[in-house]
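Here is a walk through one protein model, a few spots at a time. Keep the 3D view open and look up each residue as it comes along.

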2 protein chains.
Amino acid sequence: MRTTYAVGIDVGGTRIAAGLVERKGRLVKEARTLTPHTDGPFAIVDAVIGLINEVSAGTQPAEVAGIGIGLPAQIDFLKQSVEFCTNLPLTGVDVRALVTSRIRQDVVIDNDGHCAAIGESRFGAAKGVRDFVMVTLGTGVGGALFLDGQPYRGSRGLGGEIGHIVVRIGGAPCPCGGEGHLEAYLGRPALAAAGRAAAGSYRGGGIAKLAGGDASAITAEHVVEAARAGDEAALEILADAGDVLGEALVGVVNVLNPRLIVVGGGIGEAAPEILNHAAARIDEHALAGRRDVKLVRAELGNDAGVLGAAALAFQEHDTREGLHR
Amino acid sequence: MRTTYAVGIDVGGTRIAAGLVERKGRLVKEARTLTPHTDGPFAIVDAVIGLINEVSAGTQPAEVAGIGIGLPAQIDFLKQSVEFCTNLPLTGVDVRALVTSRIRQDVVIDNDGHCAAIGESRFGAAKGVRDFVMVTLGTGVGGALFLDGQPYRGSRGLGGEIGHIVVRIGGAPCPCGGEGHLEAYLGRPALAAAGRAAAGSYRGGGIAKLAGGDASAITAEHVVEAARAGDEAALEILADAGDVLGEALVGVVNVLNPRLIVVGGGIGEAAPEILNHAAARIDEHALAGRRDVKLVRAELGNDAGVLGAAALAFQEHDTREGLHR
């Protein structure tokens, strides 16, 4: 039976968002709540179930293809298990079984980055593209691979960590414990630190002003905002970040030869300078024949996770029903 | 019909090797010739045809599944076209059609690195492994990806260039025109340069001695040979090379999460120090959950290309005949 809706859930460290989504990607109903940080995994599962009930109220169970849940965690997709979850107490928790046991629907879980990539692939910037790489620039630098028309997860489902490519051996310490990784130069903390360093110089005054004159309060957002206003020091920080991203992506392009690179995440969507500089580096340094790769902004913004989780639920449903392949 | 043999051809810059190969990978007949460097593409095609006739003499056409040809070129596998060939005059030459027109057999062409990976996958170090990365250390640093049980070639068939990952932004110039790429630190020219630099110091005397006392004549092979004899300066060069390889592979492991990394090529097979140091770096710096990746030496040596090209011919034959999938 061809179902009308799927429910997509995007569990973040701060917020959980849910949506009732039609097959073509229209978000017909939305709900969100703050992520509970007390009472462990059960409070999170309760919040997820509350949101599912809220957005699916008024639908018939038979109209709903299933529930897709994106988690900020490393997921073994085949086992549907949560292998590691840094920011929420979900490591080893069988989220799928807990939700399934209380909702009469099929449930599928995946990494939030993969969900966003599936969303962009079905409804956004990568529609119809078989081979693309998604990079999300936020507090961390994440990513996902879409190869031969499918998310590629690696042997244990842990692939896609674009932020942890080494771009400078022995370079800046990365939050992961490594050295010289992309994230060490491009995550929010790195951009904020560059903003604070610039604030100590005459040229960096514009960034400090946005932080109320308190250089120690400068965030990555202040840097991006100052750049929007044409502040030279801020523009230089973003240009440098874009150059580093571009060099990392030269390697990605040479190894994976994607058609498209989609850049999302709060920073990625707010700072076109980063994309422009990255694109110029790829154009200059990627091996011949691979430079036709396009670098574009993600289109679905905050909805990518919800839409992608719903798309995943549709896909799993259709596979079960033999509607695909 | 289930055929007994396939012919594998490995076209190199120096030599062309051919083999008559049984389904299980036994090389029943071999032949090789120097690669002709005069008379353009036709001389190369003539040499290939001569070798095919030589190794398949005495077989019946119906016993042979087809001809697989590995070329040191960037191949669009779906179009079966030679997109770029740096060292031989084959760019834009329809090698497959030229060979097919003179041999009553199905012909398939692929990049030589992919052929080697297919060979290792079917008959060598990666037998039964669905997700692995192959790295070849030689004059250049090449590679190939095997994902979900198939060679992954990227959107234009140009993927796998592990040697052109950026490991040090703004670093040493790479033969490709980029900066700080893995190949700039690990190719034969880089190892030879390190050997020559070491020869200028007291400790590097052992390497120079192998080059007949002429430091300017030192090659990568002299460095490897000196290391075999326990020379400390040579061991240090290989250790440094292994550290750089390891950091590049940290990025590969974080992005692709492979089960296995197979290291081949003349240098890769002769210098276990490089592998050991690379493995230690991965173990230390890869993200949690991905460190169980194994780093092993290729098993098929110089035969990988011929065996892989033959395996590809078997595979194409079986797909045509509907014996697979």
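## Helix H10 in chain A

Let's start with H10(A), which has 14 residues and runs 20 Å from its first C-alpha to its last, close to the 20 Å expected at 1.5 Å a residue. Bear in mind that this is a predicted model.

Which residues of H10(A) are buried? They are Glu273(A), Ile274(A), Leu275(A), Ala278(A), Ile282(A) and His285(A). An α-helix has 3.6 residues a turn, so residues three or four places apart point the same way. As for their neighbours, the buried residues of H10(A) pack against several elements of chain A, including E8, helix H7 (220-228), helix H8 (232-256) and strand E12 (294-297). Strand E11 (260-264) and helix H9 (265-270) of chain A are also among the elements they pack against.

## A closer look at His285(A)

Now zoom in on His285(A), which is found in helix H10 (residues 272-285) of chain A. Is His285(A) buried or exposed? With a relative accessibility of 9%, His285(A) counts as buried, because the cut-off for buried is under 20%.

The side chain of His285(A) is joined to that of Glu247(A) by a polar contact of 2.9 Å. Leaving aside residues up to four places away in sequence, His285(A) touches Glu247(A) and Val250(A), plus Gly177(B), Gly178(B), Glu179(B) and His181(B) from chain B.

## Helix H8 in chain B

Over in chain B, helix H8 (residues 232-256) has 25 residues, which should span 36 Å at 1.5 Å a residue. The end C-alpha atoms are 35 Å apart, which agrees. H8(B) is mostly covered, with 21 of its 25 residues buried.

What about the ends? At the N-terminal end, Asp231(B) caps H8(B), with a side-chain oxygen 3.2 Å from the backbone nitrogen of Ala233(B). After H8(B) comes Asn257(B), which has a positive phi, near 45°.

## Rings that stack

How many aromatic pairs does the structure hold over all chains? There are two. In chain A, the ring centres of Phe132(A) and Phe146(A) are 4.9 Å apart and the planes are at 15°, so this pair is stacked; the cut-off for stacking is under 30 degrees. Phe132(A) sits in strand E8 (residues 132-137) and Phe146(A) in strand E9 (residues 141-147), so the pair ties together parts 14 residues apart in sequence. Phe132(A) is buried, at a relative accessible area of 0%, and Phe146(A) is buried too, at 5%.

In chain B, Phe132(B) and Phe146(B) form a stacked pair, with 4.9 Å from centre to centre and 15° between the planes. Here Phe132(B) belongs to strand E8 and Phe146(B) to strand E9 of chain B, so this pair ties together parts 14 residues apart in sequence. Phe132(B) counts as buried at 0% relative accessibility, and so does Phe146(B) at 5%.

## Charges over rings

The charged end of Arg153(A) sits over the ring of Phe77(A), 3.6 Å from the ring centre. In chain B, Arg153(B) lies over the face of Phe77(B), with 3.6 Å to the ring centre.

## How the two chains are related

Finally, step back to the whole model.

How values were computed: Residues numbered from 1 in each chain as written. Chains lettered and ligands numbered in written order. Predicted model: local features only at pLDDT ≥ 70, side-chain atom pairs only at ≥ 80, totals over all residues. Heavy atoms only, no water. Phe/Tyr/Trp six-rings, centres within 6.5 Å; stacked < 30°, edge-to-face > 60°. Helix = DSSP H or I, 4+ residues; strand = E, 2+ residues; numbered from the N terminus. Buried < 20%, exposed > 50% of the residue type's maximum accessible area, 1.4 Å probe, protein only. Lys NZ or Arg CZ within 6 Å of the ring centre and 35° of its normal. Expected span 1.5 Å × (residues − 1). Polar contact = N/O pair within 3.5 Å; in protein donor to acceptor, adjacent residues only side chain to side chain. Contact = heavy atoms within 4.5 Å.
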